[in-house]
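Biologist: Hi! Could we go through this one together?

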Amino acid sequence: MTAEHSNIDYSERIPNNVGLAGNRRLQRALESWQPNYIKWWQELGPDRSSTFDVYLRTATSVERDGWANFGFVKMPDYRWGIFLAKPDRDRKIQFGDHQGEPAWQDVPGEYRAPLRRLIVTQGDTEPASVEQQRHLGLTCPSNYDLRNLFQINVEEGRHLWAMVYLLHAYFGRDGREEAEMLLERHSGDADKPRILGAFNEPTPDWLSYYMFTYFTDRDGKYQLAALAESGFDPLARTCQFMLTEEAHHMFVGETGIMRVAQRTCEVMKEVQSEDPKTVREGGAIDLATIQKYIDLHFSVSVDLFGQEISTNAATYFNSGLKGRYLESRIDDDHRLTDSLWPVNLVQDGRIIQEDRPALSAVNERLRDDYIVDSQRGVDRWNGVLDSHGVDFRFKLPHRFFNRHIGTSAGIHVTPEGAVIPEAEWSARRGDWLPTTEDQAFVGSLMNRVTEQGKISAWIAPPVRGINGKPWDYEYVRFN
Ligand code: BYC
């Protein structure tokens, strides 16, 4: 089997379409990492679930018709593997100083450190999310939701494999050490936390989980898309394939929140009240609380795009390591030597928008794309409120609300975008972000429902099931 093939070789211990059998050293290195991975999965992957038969999709080829094969699998037996999108032999670097040169099949020596850093940062998020979601299976609202949680978990596990392959195959000893570290840092660990802020936050309940898959996985979409433009071809092809799986994760978030909102509207009708307390007594999550979860998860996720003005980002772009969203479709010189981009900044305690060199603003541009995309789901959730005759509307908070990274870190901004003093922030923060009491209330609704056709009272059933099956199909069988 050669890298030209798009089918995945499942006769191998590590399924792959990168010709691993022809590279004994690499194969041995990865095979020695594999038991540590399995150990990590058993210890920090989905809690108490290893005997379940789960209706999962597994990729058998990277072709359009091959990446979604459904069947019952026990999760520890899932065929995690290394799958790269089909190569394009004529692929050229689309942007930066190397624009027009053939894409690199190897790591250029001068870019080794930043490339490794990008791959490690990306790789670190994947097992982090599995760790964050580890206990959610114990409080799933339905069998369908449980299956989706597990599907996402195994795919994040595979995305870790994808980055570990790059580290092992292209970064020698340093890469192998970094691969070990990916299993040693843990989400929320006081001594060895995950690299990026959002991946150290807990995901304690299913409302947080849907928010995470809507907002934080969407950061994944944009970061992966930017890396899929990379001049380093193996990274680009790896990310292209990861993106095909990412869509389902965001779907779970978008429809999850939609179903929560729908159930809330139904309960509001039943109890004939919009009063949050009465809605809660009716067993649903009041709309104001859902809004606070939006505020929290959106703000944590916009932090993931980095500084508004970033020399790191400019260097990544110039060097051809990380492009913009859909780089080749952008109608400009792809060099950004003279162009400007409007950037939101905090100056003298005020929020301003100013044109800055586009090169140093590529993080902000990616964030702009992300915010536009995030709004689409919010509009759909508002469509649910509208269809129930409810006046409340969900809103994305201002991009500077509750930020810890970038120019607005350390200053306090309302969801509407007004800069306020510390005392006012402290007094009002509970109006905008989930309070301990809100979290306890949402937590109190979390009870495990797994029987066929049953669903928790705080969420509506989905419109359809997985792969043409009904929503109340037995997707997870307990043994
Ligand atoms: N937390 O110049 P800047 C996913 C640091 S999600 C902590 O802006 P840069 C997924 C930064 O490291 C996608 N630190 O940095 C989703 C730098 O440190 P130094 C993950 C942060 O590098 C759900 C300093 O601040 N992929 O796949 O331009 C489930 C200056 O910042 C943070 C990637 O992120 C932060 N949030 O931008 C599963 C792609 N932000 O140099 C998976 C790879 C910044 O001062 N990563 N810092 O020590 C990158 O492209 C870049 O590292 C970032 C940061 C865009 C994240």
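Biologist: What volume does the largest cavity have?

Modeller: The largest cavity has a volume of about 30 Å³. A cavity here is a set of points on a 1 Å grid over the protein atoms alone where a 1.4 Å probe fits but cannot get out, and a volume is the space filled by probe spheres set on the points. Bear in mind that this is a predicted model: local features need pLDDT of at least 70, side-chain atom pairs count only at pLDDT 80 or more, and totals for chains, interfaces and linings use all residues. Residues are numbered from 1 along each chain as its sequence is written, and side-chain values use heavy atoms, with hydrogens and water left out.

Biologist: Which residues line the largest cavity?

Modeller: Its lining residues, those with an atom within 4 Å of a point, are Arg324, Leu336, Trp341, Ala358, Ala361, Val362 and Arg365. By class, 5 are nonpolar, none polar and 2 charged.

Biologist: Changing topic, at what angle do H2 and H5 pack?

Modeller: Helix H2 (residues 112–132) and helix H5 (residues 206–227) pack at about 160°, with axes 12 Å apart. They are therefore roughly antiparallel (over 145 degrees, on a scale from 0 to 180 between N-to-C directions).

Biologist: Which residues make that contact?

Modeller: From H2, Leu118, Gln122, Ser129 and Gln132; from H5, Phe212, Gln223, Leu224 and Leu227. Contact means heavy atoms within 4.5 Å. The residues divide into 4 nonpolar, 4 polar and no charged.

Biologist: And how do the axes of H6 and H10 cross, at what angle?

Modeller: The axes of H6 (residues 233–271) and H10 (residues 362–387) come within 9 Å and cross at roughly 20°. That makes H6 roughly parallel to H10 (under 35 degrees).

Methods. Helix = DSSP H or I, 4+ residues; strand = E, 2+ residues; numbered from the N terminus. Parallel < 35°, antiparallel > 145°, perpendicular 65-115°, else oblique. 1 Å grid on protein atoms, 1.4 Å probe; cavity = no way out; pocket = protein on both sides within 12 Å on 5 of 7 lines; lining within 4 Å. Nonpolar A, V, L, I, M, F, W, Y, C, P; charged D, E, K, R; others polar.
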